[in-house]
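Reader: I am new to reading protein structures. Please show me how to go through one feature by feature.

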Amino acid sequence: MDHQEEFLRDLERAYIELMQLKKLITHFETDEEFKSWLQMGDKEGLRWTLKAFENEELYRHCQMIKEEMSKYE
């Protein structure tokens, strides 16, 4: 593994650890509010968000993230 790959893996791990997703999602009263929050990000941000939600096994939210990501295709 080269230095850049190691750096990216460490960055991803730190990002995921910082986010307490089960608490975060309680701040959205509806799925529409969650989707609006997703729309503030870009494709790369959505990719990182998806990984974090997958790690927390929040699959219903993963589906919404994937739907937003598909808008970039």
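Predicted model: local features only at pLDDT ≥ 70, side-chain atom pairs only at ≥ 80, totals over all residues.

Reader: Which secondary structure elements does the chain have?

Author: The chain has five helices and zero strands. Read from the N terminus on, the order of elements is α-α-α-α-α.

Reader: What are the spans of the C-alpha trace along its principal axes?

Author: They come to about 40 × 30 × 20 Å. The chain has 73 residues, and buried residues make up 30% of them.

Reader: How is a pair of packed helices described?

Author: Two packed helices are described by the angle between their axes and the distance between those axes. Take helix α3, residues 31-38, and helix α5, residues 59-70. Their axes come within 10 Å and cross at roughly 45°. That angle makes α3 oblique to α5.

Reader: What is the handedness of the crossing of α3 and α5?

Author: The crossing in which α3 passes α5 is right-handed.

Reader: At what angle do the axes of α4 and α5 cross?

Author: They cross at roughly 165°, and the axes come within 9 Å. Angles over 145 degrees count as roughly antiparallel, so α4 is roughly antiparallel to α5. Here α4 passes α5 in a left-handed crossing.

Reader: Now salt bridges. How many are there?

Author: The count comes to six salt bridges. To count, a side-chain nitrogen of Lys or Arg must be within 4 Å of a carboxyl oxygen of Asp or Glu. One of the pairs is Asp-31 with Arg-60, whose closest N and O atoms are 2.9 Å apart. This pair links distant parts of the chain, with Asp-31 in helix α3 and Arg-60 in helix α5, 29 residues apart.

Reader: Is Asp-31 buried, partly exposed or exposed?

Author: Asp-31 counts as partly exposed because its relative accessibility is 33%. The partly exposed class lies between the buried class, under 20%, and the exposed class, over 50%.

Reader: How far apart in helix α4 are Glu-44 and Arg-47?

Author: Glu-44 and Arg-47 are three residues apart in helix α4, residues 43-55, so about one helical turn separates them. They form a salt bridge, with the closest N and O atoms 2.7 Å apart. Glu-44 is partly exposed, at a relative accessible area of 40%. Arg-47 is also partly exposed, at 31% relative accessibility.

Reader: Which residue meets Lys-71 in a salt bridge?

Author: The side chain of Lys-71 meets that of Glu-68, at 3.1 Å from N to O. Lys-71 counts as exposed, with 56% relative accessibility, whereas Glu-68 is buried, with a relative accessible area of 6%. Elsewhere, salt bridges that share partners join Glu-32, Lys-35 and Glu-67 into one network.

Reader: Which residues form a nonpolar patch on the surface?

Author: Phe-7, Leu-8 and Leu-11 form that patch, and together they have about 270 Å² of accessible area. Leu-11 belongs to helix α1, residues 3-18. Patches are made of residues with over 30% relative accessible area. Leu-11 is partly exposed, with a relative accessible area of 40%.

Reader: Is Leu-46 buried or exposed?

Author: Leu-46 counts as buried because its relative accessibility is 3%. Leu-46 lies in helix α4.

Reader: How far apart in space are Leu-46 and Leu-24?

Author: Their C-alpha atoms are 15 Å apart, and the two residues are 22 apart in sequence. Read separation in sequence and distance in space as separate values. A second pair is Lys-43 and His-27, 16 residues apart in sequence and 23 Å apart in space, C-alpha to C-alpha. Lys-43 is in helix α4, and at 44% relative accessibility Lys-43 counts as partly exposed.

Reader: Last, backbone angles. What is the phi of Glu-57?

Author: Glu-57 has a positive phi of about 60°, although Glu-57 is not a glycine. Glu-57 sits in the loop between α4 and α5. At 55% relative accessibility, Glu-57 counts as exposed.

How values were computed. Residues numbered from 1 in each chain as written. Heavy atoms only, no water. Patch = residues over 30% accessible without salt bridge, like charges linked within 9 Å, V, L, I, M, F, W, Y side chains within 5 Å. Areas by Shrake-Rupley, 256 points an atom, 1.4 Å probe, with all protein chains shown as cover. Helix = DSSP H or I, 4+ residues; strand = E, 2+ residues; numbered from the N terminus. Buried < 20%, exposed > 50% of the residue type's maximum accessible area, 1.4 Å probe, protein only. Axes fitted to C-alpha atoms, helices over the stretch in contact; angles between N-to-C directions. Parallel < 35°, antiparallel > 145°, perpendicular 65-115°, else oblique. Left-handed = near helix turned anticlockwise from the far one by under 90°.
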